[in-house]
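Below is a short briefing on one protein model.

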Amino acid sequence: MSGRIPSTSLVKKSDMFVGRDRERDTIVKLLLDDTNDGELSVIPIVGMGGIGKTTLAKLIYNDVKVKEKFHVKAWVCVGEDEFDVLKMTKAVIEKTGSSCHSNDLDTVQNYLMDKLAGKKFLVVIDDVWSSNREGWESFLTPFECGCEGGHVLVTTRLDPVASMVKTNHNQPLKLSLLEEEDCWSVFVKHAFFSTESRDRSALEIVGRKIVEKCKGLPLAVQTLGSLLRTKDHESDWIDVLNSEIWEFSEDESKILPALRISYLYLPS
């Protein structure tokens, strides 16, 4: 187990970075489109660890137009746990403001189906690793029965998972790396704050080189920016620029835990 903290749907100001407007607008448009009302739509967001899948899902989940359209919204983080259909179904029920104490899958699924009947709903399933098709199809059953414009948004690092969960009319949205100027905007939000003890111009020169070294990966930019937020001297920033990723402790950096999980899931 990685010990990672599960994601939540809350959006911080630091999450509101540029560079994903096009992807956000694309998915929001799909969610607001009534053409396929009556059919369940599953939209996968796929990409490497730290590229911003969860952040993008948060921005979509909290979009004003999305909030206005959907009567029921639920955010569930799976992580590396086994995809437990009963546990996941009960988690969605809890997000509707109800609870179901039964451990019988039939009872629980019928309860969820009744809660969703006649309602437009959006469910985000964040960080899916399991490619268990039977389990996934079983989980979707309550959403498909009596569906009134339901959408499920899935984030995953794995292409096979994205291919498994997508519905026929939706192609997986594969996230690319950020442009360097967008990375710089993210870095500035995390690394800089107003203080007279800093020589901002000197730090910016080094900061630009650090951002270039991150090669478009938002998690790396955020992590190193946050690490440098309390360091006022140019020499400290140069040390970070010249460091290798494994030299940072896991308390300082979320990059190594993120990479380790992907490594563990590599085929033998």
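Residues 24 or more positions apart account for 78% of the contacts (heavy atoms within 4.5 Å) in the protein with a separation of 6 or more. This is a predicted model, in which local features need pLDDT of at least 70, side-chain atom pairs count only at pLDDT 80 or more, and totals for chains, interfaces and linings use all residues. Residues are numbered from 1 along each chain as its sequence is written, and side-chain values use heavy atoms, with hydrogens and water left out.

**Overall fold**
- The protein has 12 helices and 5 strands, taken as DSSP runs (helices H or I, at least four residues; strands E, at least two) numbered from the N terminus.
- Its radius of gyration, over C-alpha atoms, is 21 Å, close to the 18 Å of the globule rule for 268 residues, so the protein is as compact as a globular protein of that length; the rule is 2.2 Å times the number of residues to the power 0.38.
- The C-alpha trace spans about 60 × 40 × 30 Å along its principal axes.

**Burial**
- Of the 268 residues, 48% count as buried, meaning under 20% relative accessible area (1.4 Å probe, protein chains only).

**Helix α9**
- Helix α9 (residues 200-214) has 15 residues and should span 21 Å at 1.5 Å a residue, and its end C-alpha atoms are 20 Å apart, which agrees; the expected span is 1.5 Å times one less than the number of residues.
- Buried residues in α9 are Ala202, Leu203, Val206, Gly207, Ile210, Val211 and Cys214.
- These buried residues pack against α8 (180-191), α10 (218-228) and α11 (234-242).

Key
Buried means under 20% relative accessible area, exposed over 50%, partly exposed in between (1.4 Å probe, protein chains only).
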